[in-house]
Amino acid sequence: MKIFTTALIFISAALVCGQTKFNEPPQWAKEAVWYQIFPERFNNGDKSNDPKPEDMEGAWPYFTPEGWQIHPWTSDWYKLQPWEKKTGFDFYRNAGLRRYGGDIRGIIDKLDYLKELGITAIYLNPVFESPSLHKYDASMYHHIDNNFGPDPEGDKAIWEKENPADPSTWQWTSADKLFLELIKEAHKRGIKIIIDGVFNHTGNNFWAFKDIVKNQQNSRYKDWYTIKKWDDPNTPENEFDYEGWYGVKDLPEIKEDENGIVEGPAEHIHLIVKRWMDPNGDGNPEDGIDGWRLDVAEMVNHKFWMKFRKWVREINPDAYLVGEVWWKDWNNYEMFNAAPWLQTQFDAVMNYRFTRAIKDLVFSEKYFTGVRGFIDTIKTMMNQYGVNYYAMMNLMGSHDTERHASLIVNPDNMYDHSGNPGQNPGFDVRKPNEIEREKQKLAVALQFTLPGAPQIYYGDEAGMWGGDDPDCRKPMVWEEFNYEVEKSHPLGKDRPADSVFFDKQLFDWYKKMARIRNGNKALSVGKVIFMEELETQNILAYKRILDGEEIIVIANIKGEPEKFDINKAGTMRDLVSGNKINCSEKISLNGYQIMILK
């Protein structure tokens with residue numbers, strides 16, 4: 001009966017979602033335009049659920065200062081509020097105490113904004129219950145954070161009636177129900193949703209870990225974590241010790257054996273997958289999330305991810321799995337070839353290698369690769385990843401790196417190394433100038449016309465800038481708000497006074513690139529041929545070809561004008577400007593200009 005039921009669910013889901021092969025990414029993921037949302041900082045749609053000091057208990061830095069308040073959404077980022085000044089801490093010590101009140105209602109309220117932008121898929125950073133601002137330290141996986149929903153106190157009362165180890169006792173909180181509404185509203189607009197799965201570690205407030213702390217060797221969950229030493233009740237000291245992620249005790253690591261995550265937590269994770277991928281359990285996954293982004297995936301045994309993929313595809317054969325597989329050797333600036341994680345485990349990875357390649361082509365002087373080096377990098381990745389490359393999450397910024405705009409302002413830093421003033425006093429915190437914005441627009445155009453699914457990190461399209469965490473996690477800049485001028489510096493240095501506002505011109509550029517990509521399937525799934533005959537030190541050119549349709553992309557990666565021949569008869573239309581281009585004559589490109597010819 002159990003086998004029959006599973007098979008029936010699989011068949012039902014396949015009928016709903018299409019026939020994606022088990023080892024291939026779903027078609028929709030190849031054609032996706034992604035938007036990454038860090039929920040606490042995207043939009044405060046419901047001020048009644050804003051976090052209170054008690055909601056932050058257990059999160060770094062483990063205390064709430066006198067006079068603490070929700071942070072003003074539109075304030076100068078580095079300026080310390082009165083309660084922050086009283087702590088005696090600098091900006092970076094205070095940053096972990098800040099809460100801005102972003103929530104699920106705020107995301108729902110902006111779905112039409114995302115639809116207008118051209119977004120077809122959303123990746124949400126963690127949304128499960130947690131005391132921190134980032135939610136990578138989950139207290140439980142089976143509930144959405146109560147401060148993201150409309151009734152935080154009512155949700156707490158529901159938790160108290162449950163046994164988190166027994167799914168038959170689980171209920172749906174107000175936050176859970178609102179999250180399901182978000183999924184429904186996104187799907188109505190043709191937008192997919194995936195969420196962050198953080199299964200390498202939990203927070204130290206996670207219900208099973210708290211039971212271990214309380215009951216020690218007598219805990220039913222003692223084998224869920226890697227315990228290094230138990231407390232001896234006959235001594236005054238507390239000797240209890242355990243393995244934390246990278247040694248961080250806030251993040252106790254879930255135990256693994258030769259097959260990956262051990263049986264107890266693995267079974268719990270399977271229940272979590274079912275809960276959020278098919279919430280009503282009817283075998284139709286339309287009411288659930290469309291996949292997962294898996295955190296620090298390289299730190300979990302491959303065998304577990306193979307099992308995880310089966311769980312996911314049994315529920316929704318058209319679901320998408322993307323892993324965070326990134327630095328192989330951070331000190332030596334070496335990123336993973338992620339091929340071992342693809343096909344049998346993930347459909348894609350967050351493609352930070354792509355980000356670095358664009359940076360070293362368009363922004364950097366010190367690490368400038370030239371057009372030939374860039375082409376070789378893309379070809380190498382495509383050869384390594386095969387069909388999966390078309391589903392790669394090609395990003396230019398994320399919650400873990402400098403924002404796109406600040407990569408341009410600081411072009412000769414190593415990527416994701418010393419990316420804010422707290423790590424590098426020489427890091428420039430200013431707003432991009434006009435030339436740097438042109439570089440940003442060119443990079444976005446390349447991102448949207450090369451193979452791989454482009455991802456926008458929230459606010460990059462609005463003109464936001466900022467260094468690595470926490471500076472990449474500023475509250476979203478919205479057109480309806482008036483923002484303080486940014487004139488503070490975290491180290492007290494002089495800096496320009498930079499106005500903060502929604503950059504409509506930049507937004508329209510992102511919107512145009514999304515419209516061009518969404519309207520031309522060749523740009524998402526078409527074959528790419530680099531036009532090496534046109535290659536110069538400053539000109540990058542390539543074709544995207546699908547079913548006999550050909551689109552030619554030509555980009556000037558430097559600031560000086562260029563003229564060149566493409567040796568093609570007739571005229572083509574530039575999808576960027578709308579102008580007709582006579583291809584039999586010399587073509588002129590201004591500095592950082594791109595043409596998309598069809």
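Visitor: What makes strand S15 and S16 a pair?
Guide: Two strands pair if DSSP finds at least two bridges between them. S15 (residues 393–395) and S16 are joined by three bridges, so they qualify as a pair, and they run parallel. Leu 395 stands opposite Gln 455 in S16. By the way, this is a predicted model: local features need pLDDT of at least 70, side-chain atom pairs count only at pLDDT 80 or more, and totals for chains, interfaces and linings use all residues. Residues are numbered from 1 along each chain as its sequence is written, and side-chain values use heavy atoms, with hydrogens and water left out.

Visitor: Which residues does S16 cover, and what makes a stretch a strand?
Guide: S16 covers residues 453–457. Strands are DSSP runs of E with at least two residues, helices are runs of H or I with at least four, and both are numbered from the N terminus.

Visitor: How do you know which sense S1 and S16 pair in?
Guide: Strand S1 (residues 34–37) pairs with S16 in the parallel sense, over three bridges. Trp 34 is the residue that stands opposite Gln 455 in S16.

Visitor: What is Pro 454 in contact with?
Guide: Contact means heavy atoms within 4.5 Å. Setting aside neighbours within four places in sequence, the contacts of Pro 454 include Ala 32, Val 33, Trp 34, Asn 394 and Arg 517. As for Asn 163, Pro 454 is 291 residues from it in sequence and 41 Å from it in space, C-alpha to C-alpha.

Visitor: Which strands does S2 pair with?
Guide: S1 and S2 pair in the parallel sense over four bridges, with Ile 37 opposite Leu 124 in S2. S2 and strand S3 (residues 192–197) also pair in the parallel sense over four bridges, and there Ala 121 stands opposite Lys 192. Both faces of S2 (residues 121–124) are covered: Ala 121 and Tyr 123 are buried on one side, and Ile 122 and Leu 124 on the other.

Visitor: Why are H12 and H13 called roughly antiparallel?
Guide: Axes are lines fitted to C-alpha atoms, for helices over the stretch in contact, and angles run from 0 to 180 degrees between N-to-C directions. Angles under 35 degrees count as roughly parallel, over 145 as roughly antiparallel, 65 to 115 as roughly perpendicular and the rest as oblique. The axes of helix H12 (residues 352–363) and helix H13 (residues 370–385) come within 9 Å and cross at roughly 170°. H12 and H13 are therefore roughly antiparallel. Among the residues making the contact are Phe 354 and Leu 361 of H12, and Phe 374 and Met 381 of H13.

Visitor: What makes S17 and S24 edge strands?
Guide: Four strands form an open sheet in the order S17-S18-S19-S24, with antiparallel pairing. Strand S17 (527–530) and S24 each have a single partner strand, so one side of each is left without a neighbour in the sheet. The twist averages 20° from one strand to the next.

Visitor: What joins S18 to S19?
Guide: Eight bridges join strand S18 (residues 539–546) to S19, and the two run antiparallel. Leu 540 has Ala 555 in S19 as its bridge partner. In the hairpin of S18 and S19, which has two residues between the strands, Asp 547 takes a positive phi near 50°. Strand S19 (residues 549–556) is mostly covered, with six of its eight residues buried.

Visitor: How many disulfides does the structure hold?
Guide: A disulfide is a pair of cysteine sulfur atoms within 2.5 Å, and the structure holds zero of them. Cys 583 counts as buried, at 1% relative accessibility.

Note on methods
Buried means under 20% relative accessible area, exposed over 50%, partly exposed in between (1.4 Å probe, protein chains only).
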